[in-house]
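Student: Could we go through this chain together? I would like to begin with the overall picture and then turn to single residues.

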Amino acid sequence: MISHKSAWMDEELEIFSGSVAKFFEREAIPHNERWNREGKIDREFWNKAGDAGLLCVTIPAEYGGAGGDFRHEAVIVQQEQWLHFSGWGNGVHSGICAPYILAYGTEEQKKRWLPKLATGEMVAAIAMTEPGTGSDLQSVRATARRDGDHYVINGQKTFITNGQHADLIITVCKTGDIGGGAKNVSLVVVEAAHAPGFRRGRNLDKIGLHAQDTSELFYDDVRVPVENLLGGEEGRGFYQLMQQLPRERLIIALGAVAGMEAAVAETARYVKERKAFGKALLDFQNTQFVLADCKAEAVVARSFIDDYVMRLMKGELSPEEGAIAKLWACETQCKVVDKCLQLFGGYGYMMEYPIARMYADARVQRIYGGTSEIMRLLIARTL
């Protein structure tokens with residue numbers, strides 16, 4: 001277990017962090033290998049996490065949540081990385097979808113969906129990416145056409161986290177002219193159990209994050225009540241997406257920092273035990289220098305991202321800073337993990353060693369939530 005005292009931590013959060021670690025050690029780690037083989041986490045684990053108060057921790061108690069703040073979400077993200085439990089899609093469920101509903105949903109929508117997300121009765125996903133549209137969300141082609149008191153949704157989504165489990169899918173659609181750009185983007189919530197024409201495609205075979213179900217989704221004349229339009233007003237979807245991005249990208253950056261810390265700790269243990277030419281690997285100056293650089297980068301990353309966590313808590317984190325956090329932390333994570341893996345030699349290439357899985361899992365960090373190239377474009381616009 002890694003313990004780090006961030007400036008934003010306090011005694012209550014330390015206790016919470018310990019309880020999260022114990023829950024994962026009891027309910028997740030014993031099943032982790034099987035979940036990686038099967039390509040998804042047991043559905044009942046979501047219910048256990050809900051019972052333990054780990055779902056929707058930032059949602060007010062009046063809507064069934066734990067009434068915490070972003071720091072509580074950060075604690076969960078960190079413990080996942082520190083304990084090598086990287087396949088759970090709670091970052092999307094609790095860190096993205098629930099805050100969308102809280103921020104933009106009508107009172108009826110919040111009371112209808114948030115308590116079920118908090119207990120794990122419903123698992124949430126957000127369907128943005130399409131086969132021909134990734135970071136350019138203005139160009140989505142899925143449509144939601146008004147037909148009386150329903151929207152009729154047609155389209156296809158891909159790379160959707162929680163796609164196999166999801167009961168509630170926030171779907172990015174065009175409610176107006178498909179070529180109308182951002183002004184016609186809306187978020188329509190699809191409840192899978194009541195959506196004839198909605199179907200899940202295959203559970204996608206990825207390089208890493210094997211325990212996380214990531215799927216294609218298909219919408220064929222799916223009829224959804226107009227009451228499921230998030231916020232009740234068409235054309236607000238792009239604004240809603242953009243407003244939440246700094247927070248979402250900071251969650252990813254936090255995972256990157258904790259991933260670096262886990263990689264350094266795992267490698268330090270290995271090089272102290274592994275012998276070569278009659279002495280421990282750590283006794284070689286090259287090993288010492290490589291790990292020293294990795295630790296220094298992890299410490300710098302921690303200080304940097306902790307500062308941004310406090311800025312977010314004050315409501316001061318800008319979209320530019322969210323992009324900077326994600327770009328730098330995720331690029332650095334991949335470099336650090338790669339250097340650490342090299343010190344394992346051939347064993348670093350074997351999936352039975354945690355460093356190999358960390359290497360595979362880290363690669364997507366530079367892609368989802370906005371690619372590194374998109375982050376650079378966003379930052380460049382502010383120069």
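The conversation below moves from the whole chain to particular residues.

Tutor: Please keep in mind that this is a predicted model.

Student: Understood. How many helices and strands does the chain have?

Tutor: There are 11 helices and 9 strands.

Student: And what is the radius of gyration of the chain?

Tutor: The chain has a radius of gyration of 21 Å. For 383 residues a compact globule would have a value near 21 Å, so the two agree. Along the principal axes, the C-alpha atoms fill a box of roughly 80 × 45 × 40 Å.

Student: What share of the residues count as buried?

Tutor: Of the 383 residues, 55% count as buried. The accessible surface comes to about 16600 Å², and 52% of that belongs to carbon and sulfur atoms.

Student: Turning to contacts, what percentage join residues at least 24 apart?

Tutor: The figure is 75%, taken among contacts between residues at least 6 apart in sequence.

Student: What about charge? How many positive and negative side chains are there?

Tutor: The chain has 44 positive and 50 negative side chains. The centres of these two sets lie 3 Å apart.

Student: Now a helix. How far apart are the end C-alpha atoms of α9?

Tutor: They are 37 Å apart. Helix α9 covers residues 319-343, and its 25 residues should span 36 Å at 1.5 Å a residue, so the expectation and the model agree. Just after α9, Gly 345 takes a positive phi of about 60°.

Student: Which residue other than glycine has a positive phi near 70°?

Tutor: That is Asn 162, found in the loop between β3 (150-161) and β4 (168-174). Leu 209 also has a positive phi, about 50°, although it is not a glycine. Most residues other than glycine have a negative phi.

Student: Where does Leu 209 lie, and is Leu 209 buried or exposed?

Tutor: Leu 209 lies in the loop between β6 (198-203) and β7 (214-225). Its relative accessibility is 9%, so Leu 209 counts as buried.

Student: Why does Asn 162 count as buried?

Tutor: Asn 162 counts as buried because its relative accessibility is 0%, and the cut-off for buried is under 20%.

Student: One last topic: where is Glu 266, and which residues does Glu 266 touch?

Tutor: Glu 266 is in helix α7, residues 237-273. Leaving aside residues up to four places away in sequence, Glu 266 touches His 84, Phe 344, Pro 354 and Met 358. Glu 266 is buried, with a relative accessible area of 16%.

Note on methods:
Residues are numbered from 1 along each chain as its sequence is written. Side-chain values use heavy atoms; hydrogens and water are left out. Helices (H or I, at least four residues) and strands (E, at least two) are DSSP runs, numbered from the N terminus. The radius of gyration is taken over C-alpha atoms; the globule rule is 2.2 Å times the number of residues to the power 0.38. Buried means under 20% relative accessible area, exposed over 50%, partly exposed in between (1.4 Å probe, protein chains only). Contact means heavy atoms within 4.5 Å. Accessible areas come from the Shrake-Rupley method with a 1.4 Å probe; for residues, only the protein chains shown count as cover. Lys and Arg count as positive and Asp and Glu as negative; His and the chain ends are not counted. The place of a charge is taken as NZ of Lys, CZ of Arg, CG of Asp or CD of Glu. The expected span of a helix is 1.5 Å times one less than its number of residues.
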